[in-house]
Amino acid sequence: MRTDGRRTRRLAGSETAACAGLTALVYGAVLAFGASDTAVAAVFAGLYALSLVILLAACGWARRDLARLGGWTVPAVLAGLLLAAVLVPLTPWSPDGPHPVWTFLPDGPAASTLDRSAVLLNVLNLLGLFCLYVAARVVAASQTRGRRLLAFMLWGLGIYAAGALVHHVGLRGEGRMAATLLGPNSAATVFAAGVVMAAAALAQRLRRGGSAALKKGDPRAVALAGLVALLVVCLLMTASRGGLIAGAIGAAMFTVWQVFAGRRMTRGGVLFIGGAAVLLAVALGLNGAGLVVERFDLAQQDLDIRRQIIVPHWRAFLSSPWFGYGLGAFPSVNQMLMTEAALRELHNVRAVHNLYVQWLEEAGVVGAALMAALLGERLAPVVRAAFGSGGVGIWARGAVCAAAVFLIHGLSDFALQVPAIQALVTLGLGALGGLVSLRGETRGARPDRAPARLAVAGGGACALVAVLMAAPLLAAKVGGDLSAWPTAPADALAVSIERGLARKDLSKTELARLDGLSRRELASRPGSGSAWLRLAAVDAAAGLDGPSALALERSFTVAPLQTSLFSARTRFAYERWDRLTPAARAQTIEQLSAEWRRANWKRKEMVRLANDIRNPAGRVGLALQLTVLRLRQP
C-alpha cells in the first residue's frame, strides 16, 4: 500500500492488535456512559495503565521504539509539576490556606480541598491518562502504526455514531440525542471534532485525484464522505448550539486553511467536497432541523442561566486562586455556594458549564497553567506540522481545527471533563504525535531496557492503586462490602453506612462500626452534607441526641439547600423535631421554604411526607409549616 507517495510496510499482527486494542479500550469507556461514574472511571484508569504494561511486556517492537523515542524530558517535568500541583490541596500548606470546614474536625489534618477522596480519584484518572498517552505514543512511534491507529479511531467513531443514531431514531425518536455520554452537549463536541477529522481524512484521500475520485466512485473516498455526513447528522440530532457553532468554526477553519495550504488539491475541489458534504448532511438531518431552530430561539435565556452558574463559581475561584479546591471538588463547592436566589440554576448541574472556570476553581492558577503548558507542549509539533505540505500536513491541520472545537465549546460546556472524552483526546494526541514525527520506521536496534522497565513499573503501580481504590467501589455496587480496606474511597464508605442504617435493632458492635465509617468518611470529605447527615443518623441510632443535632446542623452548614438531600434531611429532622436544637429547626424550615417556592410540583409530596411522620411533634410542626407556606403563596 502507499501513503504520501511512498511504500509503507505491512504491519505485524501484534502491531495491528495494539492499535485495535487501545481503540477498543477507549471506546469501551465511551460506551460505559463516558466512564462518568467514579467506580467505572477508576477501573478504566487501571486498564489504561495495564494496557501500557501489557504492551511493553509482550511486544519487543514496543520496548525498542520506547527506547528510541526522545523528547520526554520536558513533558515529564511538566507532568510531575502538574501532579504536585493537584496534590497540594490535600494539605493545609497551600497559599490559599486550609478551608474553614476542617474546623469541624479539629483532631485531624486540615486541607485546602473539601473532598480528599475526590481529589485522589481524579489524580488516579490523571495517572491513567498519562499511561494511555505513553502507550499511544509508543504505538505511533512508527508512522505506519500511527496512521493505522488514527484510522481505527475514526472508523470506531463512525460505528459508534451509527449505533447512536439508530438507537435514538429507532428506540427513542424524540428529544436531543445524547448517545452514551449522558449529555447532548458532550456528544456534540465529540461529533463536531469527528466531522473535522473525517473531513481531513477525506481531503488526504483526495489529495492527488481531487473531486474526480468521488465522481469515479473511489470506495474509500465515498466511505469517508459518508462518514462526514453521518457525523454531521449526529451533530444536528444533539441540537447543541455550542456544538454546532464550534463545529462550524472548526470545519470552516479547516476548509479555508486547506484551500490556501493545499498544493495538489484545487480550491474548487475543496469547496466542492465541503459543499457536497454540507448539502448531504442537511438533507439527512432535516428531522432534527426543527429542534435546532427551537434551541437557538432559547439562546438568550440559556445564556443567562449559564451566567448565573458561572458567576458564583468564578467568585469561589477568587477565594482560593492559587491551587483551587482540588480536582473533583465541584459538587461540594456547588452545594456550599447554594442560595435561594441561585437554587433553580445550581441545584442539579454537573459542572460549571465553562471548562476554564472549572479548571481554575478545581486546580487554581498554578494547576490550570501547568495543564495548559503540558497540553500546549504536546500540541506544538502538531501545529508546526500543520503548516507543512503533504498528507501529514492535512492530518495536522485537521487535528488543530478539531482541538479548536473542544476549546471553543469549552466556553459553554464541559466535554473535556468527561473521563472517556479525555481518554479519546489523549489517544488521538498520542497517535498524532507519531504521525507528525520526522522519524522513519524504527527497526534493527537493540533496545535500552531502562525506559521500558521504568514505564512498566509506573504503569504497574498505577494499576495497583486503581485496584485498591476501585475494588471497594465496585463491591459496593454489587452488594459487597470492602469498606474495611484503608484505601476505600468515601463513596464506598457511604454505601456501607447506609446499608447498615437500613437494618433494625443495631447492636453496639455494629453501631461502633458505623460510627467509625462515618468518621472516616468525614475525615475525607467534611464538605459533604450527606456525610454529616449519615453521622447524624448513626448518632441518633445510638441515642446521642446532642451530637446528632449538631451533625444535622453541620449538614445544613456545608450544604444549606442541597435538593438531593431534601427528603431525607427533612424526614430525619421532623422525626426528631422535639429533640433538635433551635438552629437545626431553623435550618430545616429554611430549606423547606426554599423548596416550596422552587418546585410547585413537589408540594403534594411534601404533604404526603407530613402525613408519614410518626413523631407527633414533628407531624404537627411540618403540617403547620406547610399551612403557613400555603397561606403566604401569591
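This is a predicted model: local features need pLDDT of at least 70, side-chain atom pairs count only at pLDDT 80 or more; totals for chains, interfaces and linings use all residues.
I take buried to mean under 20% relative accessible area, exposed over 50%, and partly exposed in between (1.4 Å probe, protein chains only). Residues are numbered from 1 along each chain as its sequence is written, and side-chain values use heavy atoms, without hydrogens and water.

Entry on salt bridges. I count a side-chain nitrogen of Lys or Arg within 4 Å of a carboxyl oxygen of Asp or Glu. The structure holds 19 of them. I looked up Asp481 and Arg513, whose closest N and O atoms are 3.8 Å apart. Arg513 has 29% relative accessibility and therefore counts as partly exposed. Asp481, at 43%, is also partly exposed.

I then turned to Arg145 and Asp65, which form a salt bridge at 2.4 Å, N to O. Arg145 and Asp65 are both buried. Asp413 and Arg306 pair with their closest N and O atoms 3.5 Å apart, and both are buried.

Entry on the core. I use nonpolar core for a set of buried Ala, Val, Leu, Ile, Met, Phe, Trp, Tyr and Cys residues joined through side-chain atoms within 4.5 Å. The largest one has 137 residues, and Leu55 and Phe191 touch the most other members. Helix α7 gives the largest share of this core, 14 residues. I read helices as DSSP runs (H or I, at least four residues), numbered from the N terminus. In α7, 20 of the 22 residues are buried, so this helix is largely enclosed by the rest of the structure.

Methods:
Helices (H or I, at least four residues) and strands (E, at least two) are DSSP runs, numbered from the N terminus.
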